[in-house]
Amino acid sequence: QKKATMIKPSLRLSFLSKILLLSTICIYHTLVFGCKEPSSCDEKFGEVDENWNFDQLCRDMEYTDMWDDIVSEEECRMYQSVYHLCFFCAGEEDGFCAFAQGCPSRPLSEDTNVTDVCAELEILLEQRIPPSTTETCILAEEVSFACPIFCEVLLDDNLANYLGTDTEAKKKALVWTARVNGILSFLGATFILVDILRDRNKHSNVLHQLLVGMAMFDLCTGGAWAFASAPLPKDEAFYVYGSRGTSASCTAQGFFIQLGFTSVFYNMSLALQYFLVITRRWREPDLKKIRIYLHAFPLVIGFGLAFGAIPEYNWLEYGCHLETTPEGELWEVLLFVVVPIGSAILVITGLMLAIFIKVHRQAQASRKWRFGIGKDSSMEREVFWQCFFYVLAFYVTWPHVFAVYIGHVDIQNYPAAYLFAFLAPLQGFNNFLVYVRLRIVLNARALAERASAQSALSFGRLFPSLPERHQSGGPEEPASMPAKQDDNNAT
């Protein structure tokens with residue numbers, strides 16, 4: 001009994017020591033180890049194991065105050081390592097993971113389990129909670145269009161039927177039509193520039209200066225359309241055939257297409273020049289007095305609109321420019337497209353009508369009094385037809401563009417979309433055809449006159465006994481040649 005009483009205090013002391021030791025360890029663990037929540041989402045603690053349950057870990061950290069309850073250093077490290085991947089680090093308040101925002105079909109990765117992903121997204125949608133991690137969100141954004149709960153799209157349908165292109169051939173036709181016509185316009189405008197600039201006699205002529213200005217901006221239009229859909233941002237316009245650009249390349253294309261609208265204002269100056277020459281009988285010295293205004297108006301308005309629209313350029317399925325109504329802002333379409341093109345159509349039409357009335361009345365007066373067509377009236381008629389064809393080249397392109405922006409091309413209307421892709425880039429090539437037309441006409445006329453002169457000479461040699469009759473008609477041809485040269489300089 002005495003021995004037992006001696007052992008009992010020692011046992012009691014040992015028990016108290018263990019309690020003190022455990023308490024000391026807990027206090028040390030709390031003060032020294034203490035699993036702390038990361039101070040920011042940029043802080044990373046270690047490698048992430050793909051076998052971890054990311055969804056459960058992120059939910060624990062979001063909806064429970066569990067950091068003080070973690071006693072294992074390994075468990076703490078696991079939570080800290082996953083922290084930066086959770087959805088609350090992506091800014092849920094900023095609309096994190098807004099998947100299923102659109103339903104255009106696109107190719108899926110071969111290793112994507114669409115059924116499982118759609119089932120998970122359906123649960124998230126029912127619980128009104130976002131995906132647990134940013135990786136899950138990215139997967140949701142890539143796959144959600146293929147889930148029946150979000151979109152009614154066939155999983156094996158990789159065609160986005162934009163602008164009514166239900167086949168790959170139609171997509172290619174849209175792109176290559178715009179591209180080829182853009183290249184033709186670029187080459188046509190280049191021909192006009194080179195032909196005028198290499199002839200010093202044309203440098204000071206007001207008409208040719210206006211044609212140079214118009215051709216320079218036709219280069220912008222043709223060059224921009226030659227790229228077709230290539231400048232479209234591939235991340236956003238992934239379903240558009242040929243898109244491989246960025247937002248910067250898209251803005252650049254939109255800028256040069258808008259800058260090409262300056263050609264419209266040069267058409268107005270050109271029509272005004274023809275109006276003054278034909279109806280007011282202005283000559284070169286008179287035109288040079290207003291030459292600065294004929295150039296200043298197109299340049300100031302054209303560059304102002306092109307730079308002013310930089311923040312508004314966006315991509316469409318057929319290229320980058322301003323969004324058409326009803327998707328685009330109405331004030332943008334009115335300010336940068338409808339008002340400029342509409343004003344040009346009205347002004348050019350009015351000037352052309354005035355020129356037509358003048359030439360028509362002159363022709364009637366000539367028939368009434370049986371006057372022959374003299375040098376001045378012949379030249380005015382030639383100038384009228386050249387003016388008419390330049391206006392016709394304008395009408396081939398711009399009224400249709402005007403109608404597209406004010407009325408909007410139906411997204412499923414392939415013929416209207418194709419017509420736009422065909423006509424929109426064509427202005428430079430049309431002007432080229434009008435420019436070479438005059439040269440062809442004058443060369444054909446010169447060949448005809450030369451053949452007539454040779455025929456008369458041969459006739460005189462065959463019938464030398466009739467010199468007086470043929471000599472009386474002979475000098476008439478040389479007298480008409482200066483008129484043709486005047487026609488060439490004036491038109």
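Predicted model: local features only at pLDDT ≥ 70, side-chain atom pairs only at ≥ 80, totals over all residues.
## Packing of helices H7 and H11

Two packed helices are described by the angle between their axes and the distance between the axes. Helix H7 spans residues 206-226 and helix H11 spans residues 291-308. Their axes lie 10 Å apart and meet at an angle of about 10°. Because angles under 35 degrees count as roughly parallel, H7 is roughly parallel to H11.

On the H7 side, the contact is formed by Val206, Gln209, Leu210 and Phe217. Their partners in H11 are Arg291, Leu294, His295, Leu299 and Phe303. Sorted by class, the contact of H7 with H11 has six nonpolar residues, two polar residues and one charged residue.

## Nonpolar cores

In soluble globular proteins, nonpolar side chains tend to be buried together. The largest nonpolar core of this model holds 83 residues. The members that touch the most other members are Leu211, Leu270, Tyr274, Trp315, Ile355, Tyr390 and Phe420. Leaving aside residues up to four places away in sequence, Leu270 touches Leu207, Leu210, Leu211, Met214 and Tyr390.

## Disulfide and other cysteines

A disulfide is a covalent bond between the sulfur atoms of two cysteines. The model contains one disulfide, which joins Cys250 to Cys320 with an S to S distance of 2.1 Å. The torsion about this S-S bond is about -115°, so the disulfide is left-handed. The bond links distant parts of the chain: Cys250 belongs to helix H8 (residues 247-259), whereas Cys320 belongs to strand S2 (residues 319-321), and the two are 70 residues apart.

Both partners are buried: Cys250 has a relative accessibility of 4%, and Cys320 has one of 0%.

## Positive phi angles in two loops

Ala228 is not a glycine, yet it has a positive phi of about 55°. Ala228 is located in the loop between H7 and H8, and its relative accessibility of 2% means that it counts as buried.

Arg281, also not a glycine, has a positive phi of about 55°. Arg281 sits in the loop between helix H9 (262-279) and helix H10 (284-289). With a relative accessible area of 37%, Arg281 is partly exposed.

Conventions
Residues numbered from 1 in each chain as written. Heavy atoms only, no water. Axes fitted to C-alpha atoms, helices over the stretch in contact; angles between N-to-C directions. Helix = DSSP H or I, 4+ residues; strand = E, 2+ residues; numbered from the N terminus. Parallel < 35°, antiparallel > 145°, perpendicular 65-115°, else oblique. Contact = heavy atoms within 4.5 Å. Nonpolar A, V, L, I, M, F, W, Y, C, P; charged D, E, K, R; others polar. Core = buried A, V, L, I, M, F, W, Y, C linked by side-chain atoms within 4.5 Å. Buried < 20%, exposed > 50% of the residue type's maximum accessible area, 1.4 Å probe, protein only. Disulfide = S-S within 2.5 Å.
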